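Open the model in a viewer and keep the selection tool at hand. The stops below say what to select next and what is there.

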Amino acid sequence: MVVSSTQGPRLYSIPVPESNIGEQFGAILDEGENTDIIFNIGRESFPAHKLVLATRSPVFKAQLFGPLAEFTTNEDSLCWS
């Protein structure tokens, strides 16, 4: 003989911290951590994140991940004079 019982629904409370994703992304950009492309403009170099560039610009998206992507590598530098 199997005896089982069912109780009413239990309420669970899971604390969810406030989102600070804007600050977290800002820190990633400010720190330059895990950059995967460098812009060489004149004598200055600017490290960047390909995914951020592609998200913000359809031109960079096409160049970095579209048909033109075959001309770039993970260690590429884009140069302008």
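A polar contact is a pair of N or O atoms within 3.5 Å; within protein, one must be able to donate a hydrogen and the other to accept it, and residues adjacent in sequence count only if both atoms are side-chain atoms. This is a predicted model, in which local features need pLDDT of at least 70 and side-chain atom pairs count only at pLDDT 80 or more, while totals for chains, interfaces and linings use all residues. Residues are numbered from 1 along each chain as its sequence is written, and side-chain values use heavy atoms, with hydrogens and water left out.

Select S57 and F60. A polar atom of the S57 side chain lies 3.2 Å from the backbone nitrogen of F60. S57 sits in the loop between helix 2 (50-56) and helix 3; helices (H or I, at least four residues) and strands (E, at least two) are DSSP runs, numbered from the N terminus. S57 counts as buried because its relative accessibility is 17%; buried means under 20% relative accessible area, exposed over 50%, and partly exposed in between (1.4 Å probe, protein chains only).

Next, select strand 1 and strand 2 (residues 44-48). The two run antiparallel and are joined by five bridges; strands pair if DSSP finds at least two bridges between them. I41 has E44 of strand 2 as its bridge partner. The two strands form a hairpin with two residues between them, and in the turn G42 has a positive phi of about 60 degrees.

Move to N34, in the loop between helix 1 and strand 1. Most residues other than glycine have a negative phi. N34 counts as exposed because its relative accessibility is 65%.

Finally, select V52, which is in helix 2. V52 counts as partly exposed, because its relative accessibility is 34%.
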